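Hello,

Here is the structure we talked about, with the sequence alongside. My notes on it follow below.

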Number of protein chains: 2
Amino acid sequence: MKALEEKILSEGKILPGNILKVGSFLNQQIDVEFLMQMGEEAARLFADAGVTRVLTVEASGIAIAVGVAAAMHVPAVFAKKHQTSNLSGDVYRSVVHSYTHNTDYTIVVPCDYIRPGDKVLLADDFLANGQALNGLIDIVGQAGAEVAGALIAIEKGFQGGGDKLREKGIRVESLALIDSMDDTGIVFRR
Amino acid sequence: MKALEEKILSEGKILPGNILKVGSFLNQQIDVEFLMQMGEEAARLFADAGVTRVLTVEASGIAIAVGVAAAMHVPAVFAKKHQTSNLSGDVYRSVVHSYTHNTDYTIVVPCDYIRPGDKVLLADDFLANGQALNGLIDIVGQAGAEVAGALIAIEKGFQGGGDKLREKGIRVESLALIDSMDDTGIVFRR
């Protein structure tokens, strides 16, 4: 999505540790008009996928999930993060490793919010190693539902998570896909 | 907002400890069509307030803030929660007490995202004791900006936070205002 690439080039900041800061429009300030445009693009890309639900992880995924769900006219669901896996109730859960913080956390979705037969579009603001998406895919499987694909705002292609998911047969669509970034600039995949 | 009251009555669940569970449509599953209707109602209520930004706290406030900001055509900003107040960088911060968890946390907004002269509409899914809103009001004041008001999806009027803010002169508009709730039912304020 050309407009997103341009926004990354004009407003994004590269910080040490492969961090791309886009807080000025994607999180934690959200350019909502632009968010809705990204949602429309997502709806166009997955128009034929029969999506019944959009699923993300709190907190930074919520805005993009709402934008995508609004354009697709389906509900959005977000998994909550917990430090413990010791949880009660009728929930699906999966353990996710965070490379950024070198720790594990558990993501949790009540069973009521994903049903067998659902076609679930995963959504997130960033895709790097793909750990969070793998957790969501695990949960969709537990629910007896189907993964329709993954819609990512910004994929850091050089961290490999997206291509591993594609090799597994998951349809991953990233609105901007970065192949490399450093002090000299950002290179997008064509 | 009659439609929200009806949705609370049909889908909400009252749990021990004055908890009203509306996870099936407001969090953590979001009925996005309905969210956008709530946003339109917020835009109608604050049409003459000159709002330039919507401000909330992660994570459960993000969806309603996006819905409101979409209808008002302004950016949404969310404060991040931290367990420590030992933070660096150009940020505004305020300490918030959580009665639910009996602990303090710090909410943080980068200085770039609220500017002097901004008219800031606070938004949240719930208002009970008003601690989170007081923290946001503190941050808006630090930024030299103005509080245009607060837009709440569901106010628990019996916990008093909303009326205390109104007494201070803050315009608080709640789309549903609950005066009492127990096993026998929910009473909305007229």
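What rotation superposes chain B on chain A, and with how much shift along its axis? The model is a predicted one, and in it the rotation is 180° with 0.0 Å of shift, giving an RMSD of 0.0 Å. That is how a two-fold axis relates two copies. The contact residues follow the pattern: 100% of those in chain B recur in chain A, so the same surface serves both copies. The residue of chain B that comes closest to the rotation axis is B:A59, whose C-alpha atom is 2.5 Å from it.

The contact between the chains

Chain B puts 26 residues into the contact, and chain A puts in 26 residues. On the side of chain B that touches chain A, the elements giving two or more residues are β3 (29-30), α2 (32-45), α3 and β5 (76-82). Of these, α3(B) gives the most, with five residues. Sorted by class, that side of chain B has 16 nonpolar, five polar and five charged residues.

There is also strand pairing across the two chains. Strand β5 of chain A (residues 76-82) pairs with β3(B) in the antiparallel sense, over two bridges. A:A76 has B:I30 of β3(B) as its bridge partner.

Helix α3 of chain B

This helix covers residues 61-72. How many of the residues in α3(B) are buried? The count is 12 of 12, so the helix is mostly covered. Among the buried residues are B:G61 and B:M72, as well as B:I64, B:V68 and B:A70. Just after the helix, B:H73 takes a positive phi of about 60°.

One residue in the helix

B:G67 sits in helix α3 of chain B. Is B:G67 buried or exposed? It has 30 other C-beta atoms within 10 Å, and since 20 or more make a residue buried, B:G67 counts as buried. Leaving out residues up to four places away in sequence, B:G67 touches B:L35, B:M36, B:M38 and B:G39. As for B:C111, which is 44 residues from B:G67 along the chain, the two C-alpha atoms are separated by 23 Å.

Regards

Conventions: Residues are numbered from 1 along each chain as its sequence is written. Chains are lettered from A and ligands numbered from 1 in the order in which they are written. This is a predicted model: local features need pLDDT of at least 70, side-chain atom pairs count only at pLDDT 80 or more; totals for chains, interfaces and linings use all residues. Helices (H or I, at least four residues) and strands (E, at least two) are DSSP runs, numbered from the N terminus. The expected span of a helix is 1.5 Å times one less than its number of residues. Copies are superposed by least squares on the C-alpha atoms of residues with pLDDT of at least 70 in both. Two residues are in contact if their C-beta atoms, placed from the backbone, lie within 7 Å. Ala, Val, Leu, Ile, Met, Phe, Trp, Tyr, Cys and Pro count as nonpolar, Asp, Glu, Lys and Arg as charged, and the others, Gly among them, as polar. Two strands pair if DSSP finds at least two bridges between them.
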